[in-house]
Amino acid sequence: MCASYGLDPRFTDAELLEAADEEVLEGLRGWAEENAVESVRPTGKNLRNLNPIVVQPDTAPTLEPAWWGFLVGGEPSKFPSINTRSERLQDRPGGLKTRALVPATSWFEMKKPERVWHEFLVDDGALFGMAAVTQRGRTTDGTWFTCYSIVMRPAPDHLAEIHDRMPLLVPASLSHDWLTAAPTREIIDEAIAASDEIAARVRTRQRP
């Protein structure tokens, strides 16, 4: 499970979008600088932290503040919704109707039974995109949000000893298709296959 991740404003390289979009990147840097001391966490019922995601409702990718986890019937879902298994989407591709990229420079997992936290990075901290599925949801006060769930895939061998799952990392070359392709099994299969190269570049370090 990915329950927290980092977005360091000092990122230099970007694995996020095939065509560099300076407006998106500058927006991410601004958000990251304002929140630099905090890990990105699921949205709380009372503390409504909204996190930046990349969507493409029209012709170009854009940033949107979003609620991490699904809202159902005006409340945070009673079922786990911050993560979605890639296998579930392969079996039920209808869940791919709307999608996003979640920008990050790291994510965090605890190695059990040692209970030691590890940070996962691509290369030396490159900006990358985690696949997400989205849906609209509202709170009890009638406010509507875009809600997102990060897609998780089986971890490769060099990471599995720390955690058996990892976010599905979408390479920049597939970013446009991930955001805009029809919601079929083909797009999730293609994303999983394409993620192998970037997953091989992930390294880990213990968190102090």
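In β15, which residue is the bridge partner of L121?

A: In β15, the bridge partner of L121 is R203. The model is a predicted one, in which local features need pLDDT of at least 70 and side-chain atom pairs count only at pLDDT 80 or more, while totals for chains, interfaces and linings use all residues. Residues are numbered from 1 along each chain as its sequence is written, and side-chain values use heavy atoms, with hydrogens and water left out.

The strands (DSSP runs of E with at least two residues, numbered from the N terminus, as are the helices, which are runs of H or I with at least four) are described here by their pairing, for which DSSP must find at least two bridges between two strands.

Strand β12 (residues 144-154) is largely enclosed by the rest of the structure, because 9 of its 11 residues are buried, that is, under 20% relative accessible area, with exposed meaning over 50% and partly exposed in between (1.4 Å probe, protein chains only). On the parallel side of its pairing, β4 (residues 62-68) is joined to β12 by 2 bridges, with Y148 as the partner of W68, and β7 (residues 83-85) is joined to β12 by 3 bridges, also in parallel, with M152 as the partner of R85. The antiparallel pairings include 7 bridges between β11 (residues 127-138) and β12, where V133 is partnered by S149. β11 and β12 form a hairpin with 5 residues between them, and G142 in the turn has a positive phi of about 90 degrees. A further 3 bridges join β12 to β13 in an antiparallel fashion, and in β13 the partner of P154 is R165.

R165 leads on to H163, which lies in the loop between α3 (157-160) and β13 (165-167). The side chain of H163 reaches the backbone nitrogen of R165 at 3.1 Å, a polar contact (a pair of N or O atoms within 3.5 Å; within protein, one must be able to donate a hydrogen and the other to accept it, and residues adjacent in sequence count only if both atoms are side-chain atoms). H163 counts as buried because its relative accessibility is 16%. Leaving aside residues up to four places away in sequence, H163 touches M1, E109, M110 and A155, where contact means heavy atoms within 4.5 Å.

Strands β4 and β11 are also among the elements that cover the buried residues of helix α1, as are β2 (14-15), β3 (51-55) and β8 (99-104). In α1, the buried residues are V24, L25, L28, R29, W31 and A32. Seen down the axis of α1, these fall within an arc of 165 degrees, so they line one face of the helix; the arc is that of the directions from the helix axis to the C-beta atoms. On the other side of α1, E23, E33 and E34 are exposed. At the N-terminal end, D21 caps α1 through a side-chain oxygen that lies 3.1 Å from the backbone nitrogen of E23.
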